[in-house]
Each structure stands twice: as C-alpha cells, then as structure tokens.
Amino acid sequence: MRSPLTFSFELFPPRTPEAQAKLPATVAQLAALRPDYFSVTHGAGGSGQDGTYETLLTVVEHTGVEVVPHLTCVGSTRANIAAQLQRYREAGVKRIVALRGDLPATAMSAAAPGEFHYASELVTFIRDKHRDAFQIEVAAYPEMHPQANRPGDDFENFRRKVEAGADSALTQLFYNADAYFDFMERCATAGITIPIVPGIMPITGYANTIRFCSGCGADLPRWVRLRLEELEHDKPALLDFGLGVVARLCETLLKNGAPGLHFYTINQAAPSLRLWKSLGLSVPA
Ligand SMILES: Cc1cc2nc3c(=O)[nH]c(=O)nc-3n(C[C@H](O)[C@H](O)[C@H](O)COP(=O)(O)OP(=O)(O)OC[C@H]3O[C@@H](n4cnc5c(N)ncnc54)[C@H](O)[C@@H]3O)c2cc1C
C-alpha cells in the first residue's frame, strides 16, 4: 500500500518589520490546509540563525503545525552547530533539513572558513551527537547541483548523505518532471529507497522565475520562458499560465509516485493556496 503523501510549505525568516507583521496571517492561511509541516530556511555561515529560530517560534505560536528548521553548516564551527541542535532539541524540534548552504562567492573557496565542507558531514555530526532524535532531510538535485562537475559525481554525493543517515530528501525546484523520474530511477538502481519529495516553486512572475532558475541551475523549458516573457506585463494572465504549468507538473509527479510535495512559498500564501485547490487536495472543513 502507498504511504500517505507528505505536504509541506517552506518559509524564510522575514527581513523587515512589515514582512514580519504579515507572517502570522500567511501561515494561518497555509496552516488551514493542514500541511505535515512548515520548514524555515537558514542563512549560511551562521547568518540568520536567530531569524530561523524566531520564525519557528512565531509559526508554532500561530499554527500548532510542526516546524522544521533548515540548518546550514558551511562557515560554521562544530560548537556552533552543536549549540543550535541543542536549542532545537529543547524546543521540541523533531525534524531538521541538513544542508551545506552557500557562502558569498568570495568566501566560497578552498579556504572557506569553518569546520564543515559538505552536508554529508553535517548529517554524520547530527547522527553522532543525537542518534535518532531528529528525522533528517537532505537536499536532492534531479538536474544536478550547479557546482558539481558531472551528474554521476553529484549522485555519489547524494548517496553519501543517505549513507550518513538521511531519512528523506527534498528536491531543488525543477520544471521537467522527467528529470525527477530519471533521478528516482537512478536511486532505485542504487538501492536508495528513502522518500524524495519534489520541491515546487510556483511560477508568479517572469524576472523572478528566470532568477530562481539561473541561481540553482534549473532548466526552464524554452516554451515556458517565451510565454512568461510575453505575459510579463499582464499579471492575471501570467498567473493563470504559470500556475497552470506548475499544477500540471504536480499532477504528473503525484500520479507517477511522488511521495508528496514541498512548496517553496516565498512567504506568499496565495500561489500555494491556488495550486492546492487546482490539484483537488483536501481542504479540511
Ligand atoms: C530543499 C532545499 C532547501 C534549501 N534550504 C536552504 C537554506 O535554508 N539556506 C541556504 O543557505 N541554502 C539552502 N538551500 C540551497 C543549498 O544550501 C545549496 O544548494 C548549496 O549549494 C548546497 O547545499 P547541499 O546541502 O545540497 O550541499 P552538499 O550536499 O554538500 O553538496 C554541495 C556540492 O558539493 C558537492 N560535494 C558534496 N560532497 C562532496 C565531496 N565529498 N567531494 C566533492 N564534492 C562534494 C556536491 O556534488 C555539490 O556540488 C536549499 C536547497 C534545497 C534543495
């Protein structure tokens, strides 16, 4: 029998007092859909770690839904990571997204500071110090991480994270369902059976979609790019088109065995609510 699907919404710590003030209403709208959890991103190199913790507390206070902090390790010391894990454990956190993170390009060299270089080292550290106290999510890249030399090398890295103790994975955003299915086939061949939940970025604009895709190496199909460019100044039509593309992607993924969906919300409720509705996902009374 197929396991129940997992649905989650990703948030980032608000950067301004206005954005902070809006967050409770946003999470309340999303919480009404009863997701399995909210996750909260974390800046690399220790930046924003308090923002992640404070956002976590805000979401718990306003929703009662499980909140899952992201934890980035590059640029951090073992003592700093240990302290963050201890604080999360004391706050009742049961699941963590364990990541390397990205430092600014100038710092991201062989001489990058810190005692961790890859997410697999963070997974090993968490398992060593906390055994099974946390469920550990890691990142997966169906279209290859942009800094990897070859898909095979990147896949070996993913396998290292699983062997270090990851329980499940969330993917980078993508708009080609076949890239996900190919990744899942490679996992099956390698004997990797952990759930790998697709990361879904709603399309809500032309410039931001280009920026997100080029930032993480995701392929935006040419026909989608051309249509978004054409509709750039007609917001309602762009939303109809962009969210339609993403809804069809989600349908294809779920129909073909994806174990759930992780929505990159960019702290906006409306696009995810609209996708949720068009996918016919349940909305509790
Ligand atoms: C679901 C999700 C959530 C994210 N949340 C955040 C966030 O909150 N904050 C943030 O800053 N960023 C976040 N990111 C972005 C992420 O931090 C970047 O993509 C980062 O560049 C890689 O992180 P990672 O954990 O995948 O790294 P890793 O798995 O360590 O991989 C990084 C690179 O190193 C290579 N590599 C790994 N191990 C080795 C090795 N032993 N030898 C040689 N090469 C190796 C990999 O192939 C890859 O190219 C998120 C990404 C995803 C998919």
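1. Which element supplies the largest share of the shell around the ligand? That element is α5, with four residues. At least two residues of the shell come from each of β3 (67-72), α5 (151-164) and β6 (168-173); helices (H or I, at least four residues) and strands (E, at least two) are DSSP runs, numbered from the N terminus.

2. This is a predicted model, in which local features need pLDDT of at least 70 and side-chain atom pairs count only at pLDDT 80 or more, while totals for chains, interfaces and linings use all residues. Residues are numbered from 1 along each chain as its sequence is written, and side-chain values use heavy atoms, with hydrogens and water left out.

3. There are 24 residues around the ligand, and H42, D102, Y141, H145 and D154 come nearest (a residue is near if one of its heavy atoms lies within 4 Å).

4. A ligand oxygen lies 2.7 Å from a backbone N or O atom of R100, and a ligand nitrogen lies 3.0 Å from a polar side-chain atom of H70. The side chain of K161 places an N or O atom 2.7 Å from an oxygen atom of the ligand.

5. Helices α6 (residues 177-190) and α9 (residues 235-255) pack with axes 10 Å apart, at an angle of about 25° (axes are lines fitted to C-alpha atoms over the stretch in contact, and angles run from 0 to 180 degrees between N-to-C directions). The two helices, α6 and α9, are therefore roughly parallel to each other (angles under 35 degrees).

Methods: Polar contact = N/O pair within 3.5 Å; in protein donor to acceptor, adjacent residues only side chain to side chain. Parallel < 35°, antiparallel > 145°, perpendicular 65-115°, else oblique.
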